[in-house]
Amino acid sequence: MTTANIHILLFFGVFIILLLVTGFYYILATINLIRILLGLELITKAVTLAIIVVGYVTGNIALAQSIVIIIITIEVFVIAVAAAIIIRIYKLTDSLDVRNIRSLKG
Amino acid sequence: MNYDLLLLIILMLAALMTVLSTRILIAAIGLALTSIMITIIMFRLNSPLAGVFELSICAGLITVIFISTISFVKPLTDQEIDDRTKLRMKKYLALPVLLILIGIILIALIKPISIEIPVTIQGLSVREILWNMRQIDLLGQVIILLVGVFGIVVLFRDIQKEAHKK
């Protein structure tokens, strides 16, 4: 790997780590179920960006793109099913507070 | 590199907008803005196909899913928004400081090292890799698609049944 590519990796890497920290902080600090999903999305975006940057600097951009496409497709289904579950919880508890689902039946 | 730095700073600002906004709708729009910034970065890193997916699905479809979910929830009153804004300021005040600190520490500590790349797949297109090399992944995607659709149908069917009973 050339020195220029290593610098690109480190340059993007700093921002990818910051985006990851933002997502984790959001998930840990919030009690709202929709906001937890938004935090999960931020983490996924950091991972997506990391894969593309690594693919670019290592010359495996086609492989990186195919992996990102798979990640994005799975991400949509995760978000859609999680959103449906959140709507269901909201109908049952009339709240989006994550503390309300601590005592689940069964 | 300067354009990339500008894009990455806007990306972080959009992410902070997602985290710090009191209204969830603005947070969802902030997330869409984050996706748009990632799309532009992907185009700059020679990944147009991944960029198109990111723009159409993450900035489009996922934002629509979030807005649809938000539309099921009762809106907050002005008094609740005021109270929550104060609470959020206390809760998230540490985040920008934490990010600046981590940024400074990373810039100071990280040094360029030589990395050995074991295998490179060059000369193949995305289509060839996706259909010829990642077949198991595609099978997994199909299963997840079916499970996802089935799960959503079951969840919404129960909600409709309860609405009919009422």
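Leaving aside neighbours within four places in sequence, with which residues is Ile81(B) in contact? In this predicted model, the partners of Ile81(B) on that condition are Thr22(B) and Leu76(B). Ile81(B) belongs to helix α4 of chain B. With 12 other C-beta atoms within 10 Å, Ile81(B) is classed as exposed, because the exposed class takes in residues with 12 or fewer such atoms. Although 58 residues separate Ile81(B) from Arg23(B) in sequence, their C-alpha atoms lie 7.9 Å apart in space.

α4(B) consists of 15 residues, and its first and last C-alpha atoms are 21 Å apart, close to the 21 Å expected at 1.5 Å a residue. This helix is hardly covered, since the number of buried residues among its 15 residues is zero.

From this helix one may turn to chain B as a whole. Chain B contains seven helices and zero strands, and the order of its elements from the N terminus is α-α-α-α-α-α-α. Its radius of gyration is 21 Å, whereas a compact globule of 166 residues would have one near 15 Å. Along the principal axes, the C-alpha atoms of chain B fill a box of roughly 60 × 45 × 25 Å. Buried residues make up 18% of the 166 residues of chain B. When contacts in chain B between residues at least 6 apart in sequence are considered, 50% of them join residues at least 24 apart.

The next topic is the interface with chain A. Here 64 residues of chain B are in contact with 55 residues of chain A. On the side of chain B that touches chain A, two or more residues come from each of α1 (2-20), α2 (24-44), α3 (48-71), α4 (78-92), α5 (94-109), α6 (126-133) and α7 (135-165) of chain B. The most is given by α3(B), with eleven residues. By residue class, this side of chain B comprises 47 nonpolar, 13 polar and four charged residues.

The buried residues of α1(A) include Leu9(A), Phe12(A), Leu19(A) and Tyr26(A). Among the elements that cover the buried residues of α1(A) are α2 (33-58) of chain A and, from chain B, α1 and α5.

Helix α2 of chain A contains Lys45(A). Is this residue buried or exposed? Lys45(A) counts as buried because it has 25 C-beta neighbours inside 10 Å. Neighbours within four places in sequence aside, Lys45(A) is in contact with Leu19(A), Thr34(B), Ser35(B) and Ile38(B). Lys91(A), by contrast, is 46 residues from Lys45(A) in sequence and 30 Å from it in space, C-alpha to C-alpha.

The last topic is the largest nonpolar core, which has 54 residues. Within this core, Leu38(A), Ile52(A) and Val53(A) have the most contacts. At least two residues of the core are supplied by each of α1, α2 and α3 (61-93) of chain A, and likewise by each of α1, α2 and α3 of chain B. The most comes from α3(A), with 13 residues. Val53(A), again leaving aside its neighbours within four places in sequence, is in contact with Leu9(A), Phe12(A) and Leu45(B).

Conventions
Residues numbered from 1 in each chain as written. Chains lettered and ligands numbered in written order. Predicted model: local features only at pLDDT ≥ 70, side-chain atom pairs only at ≥ 80, totals over all residues. Contact = placed C-beta atoms within 7 Å. Helix = DSSP H or I, 4+ residues; strand = E, 2+ residues; numbered from the N terminus. Nonpolar A, V, L, I, M, F, W, Y, C, P; charged D, E, K, R; others polar. Rg over C-alpha atoms; globule rule 2.2 N^0.38 Å. Buried ≥ 20, exposed ≤ 12 C-beta atoms within 10 Å, placed from the backbone. Core = buried A, V, L, I, M, F, W, Y, C linked by C-beta atoms within 7 Å. Expected span 1.5 Å × (residues − 1).
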